Amino acid sequence: MTSAARPRSGQLAPRATWLGHATVLIELGRLRLLTDPVLRSRVAHLRRRGANPRGLGLVDVVLLSHLHYDHLDLPSLRMLQSTPRIVCPAGAGTLLARAGFRDVAELRPGESIQLGAVRVEATHAEHGGGRRPGGPFVEPLGFLVRGERSVYFAGDTDLFEGMGALGPVDAAFLPVAGYSPKLGPGHLDPRRAAQAAALIEPRLAVPIHWGTFLAPFRRRGDWFTSPPERFAAQVAELAPGVEVRVLSPGGSLAL
């Protein structure tokens with residue numbers, strides 16, 4: 001699957017910025033790609049701890065991994081200054097079209113879209129795909145973004161067969177926790193995320209999906225702040241060749 005890109009006039013230095021939870025701004029080639037944008041202080045029943053992301057500027061492409069409210073937030077999409085192309089799982093286009101978003105590309109695992117010098121490939125993700133109980137099921141995705149650098153964004157996933165074939169990559173953004181100390185099926189904790197890093201062999205591994213949102217009646221504690229350090233310790237044991245970069249929301253790194 002191919003599409004004409006909407007490149008910017010100047011080349012961007014390859015860079016990635018974690019904005020909290022699963023929202024990552026990837027600047028690659030002349031494109032700015034934003035994953036699972038959640039830009040509000042509240043989404044569904046969750047409350048953000050810390051400031052909302054601000055000053056994003058124009059975004060060319062949005063990558064949506066699945067339909068859960070903490071990953072596909074329609075009000076956050078409407079907050080973007082530009083009208084980006086949205087790349088999403090097959091079947092999600094109907095929901096987006098009803099919400100007024102028309103420039104949508106739907107992918108299944110293994111399919112890809114070319115955006116100028118950047119190719120985005122949809123990958124398997126081991127996670128639930130429904131938006132609400134009894135609603136439609138859409139197969140969740142991760143994404144491999146390849147240009148002058150390669151980036152893997154896992155979305156929400158557990159370990160799965162064939163994960164090692166995704167790498168090696170320059171950077172992998174891996175979920176390591178959630179908005180509650182208890183993680184259900186389809187998630188990575190620090191140990192399993194480190195196992196994923198050992199399989200994928202990224203040059204840089206960045207823990208995400210931690211320390212951003214709280215479920216009601218949950219208090220912050222060690223479970224809320226310690227996952228990235230626990231992840232780094234596990235990577236040192238299981239994948240010593242992988243460098244871990246722990247970012248605070250708003251923190252960025254050169255690719």
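Two strands are taken to pair if DSSP finds at least two bridges between them, and helices (H or I, at least four residues) and strands (E, at least two) are DSSP runs numbered from the N terminus. The structure is a predicted model, in which local features need pLDDT of at least 70 and side-chain atom pairs count only at pLDDT 80 or more, whereas totals for chains, interfaces and linings use all residues. Residues are numbered from 1 along each chain as its sequence is written, and side-chain values use heavy atoms, with hydrogens and water left out.

An open sheet is formed by three strands in the order 5-6-16, with antiparallel pairing. Strand 5 (42-43) and strand 16 (213-214) are at the edges and have a single partner strand each, so one side of each lacks a neighbour in the sheet. Strand 6 (residues 46-48) is joined to strand 16 by two bridges, and Arg48 lies opposite Phe213 of strand 16.

Strand 2 (residues 15-18) pairs antiparallel with strand 3 (residues 24-28) over four bridges. Five residues separate these strands in their hairpin, where Gly20 has a positive phi near 110°. Strand 2 also runs antiparallel to strand 18 (residues 252-254), joined to it by three bridges. Ala16 has Ile26 as its bridge partner in strand 3 and Leu253 in strand 18.

A nonpolar core is a set of buried Ala, Val, Leu, Ile, Met, Phe, Trp, Tyr and Cys residues joined through side-chain atoms within 4.5 Å, buried meaning under 20% relative accessible area (1.4 Å probe, protein chains only). The largest such core has 54 residues, of which Val120, Val145, Tyr152, Phe173 and Leu174 touch the most other members. Helix 3 (residues 190-200) supplies the largest share of this core, five residues.

Methods:
Buried < 20%, exposed > 50% of the residue type's maximum accessible area, 1.4 Å probe, protein only.
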